[in-house]
Amino acid sequence: MVAEDIIIRPLLTEKGYDGIADKKYTFVVAKSANKTQIKLAVEKLFGVDVKSVNTVNCHGKLKRMGRNEGYTPDYKKAIVQLTADSKAIEFFNSLS
């Protein structure tokens, strides 16, 4: 897999904003990606040093529209912790 295929998008939530000060960043990643692939992809795309990666498989919620019901898509979330001497990711600087 290519690094651009592993990291799909950043996940911008209230809990994610709290981690930016501690150099913890949250991303939606490919379901088939493992922690090692995620670490290498973040280091390649953003030019930072990654300390650790935690992953969570998030299941879709049941949603209804009138009589019709269905599930939102499942996705995989990765919380990436950078090392203390690493630079911050520029994309998140304006958000914190």
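Does Thr 26 count as buried or exposed, and at what relative accessibility? At 11% relative accessibility, Thr 26 counts as buried, where buried means under 20% relative accessible area, exposed means over 50%, and partly exposed is in between (1.4 Å probe, protein chains only). Before going on, keep in mind that this is a predicted model, where local features need pLDDT of at least 70 and side-chain atom pairs count only at pLDDT 80 or more, while totals for chains, interfaces and linings use all residues. Residues are numbered from 1 along each chain as its sequence is written, and side-chain values use heavy atoms, with hydrogens and water left out.

So much for the ground rules; back to the threonine. Thr 26 sits in strand β2, residues 24-29. Helices (H or I, at least four residues) and strands (E, at least two) are DSSP runs, numbered from the N terminus. Setting aside residues up to four places away in sequence, Thr 26 touches Pro 10, Leu 11, Gly 16, Lys 77, Ala 78, Ile 79 and Phe 92, a contact being heavy atoms within 4.5 Å.

Now zoom out to the sheet. Four strands make an open sheet in the order β1-β2-β6-β3, with antiparallel pairing. β1 and β3 (50-58) stand at the edges with a single partner strand each, so one side of each has no neighbour in the sheet. From one strand to the next, the twist averages 30 degrees. Strands pair here if DSSP finds at least two bridges between them; β2 and β6 (residues 75-82) pair in the antiparallel sense over 6 bridges. Along that pairing, Tyr 25 stands opposite Val 80 in β6. Helix α3 (residues 35-46) lies across β1, β2, β3 and β6, and runs at about 120 degrees to β3. For such angles, axes are lines fitted to C-alpha atoms, for helices over the stretch in contact, and the angles run from 0 to 180 degrees between N-to-C directions.

Over in β6 there's also Tyr 75. At 31% relative accessibility, Tyr 75 counts as partly exposed. Not counting residues up to four places away in sequence, Tyr 75 touches Val 28, Lys 31, Val 56, Asn 57 and Cys 58. Tyr 75 and Ile 38 are 37 residues apart in sequence and 14 Å apart in space, C-alpha to C-alpha.

One last stop is Leu 12, in the loop between β1 (7-10) and α2 (14-20). Leu 12 counts as partly exposed, at 40% relative accessibility.
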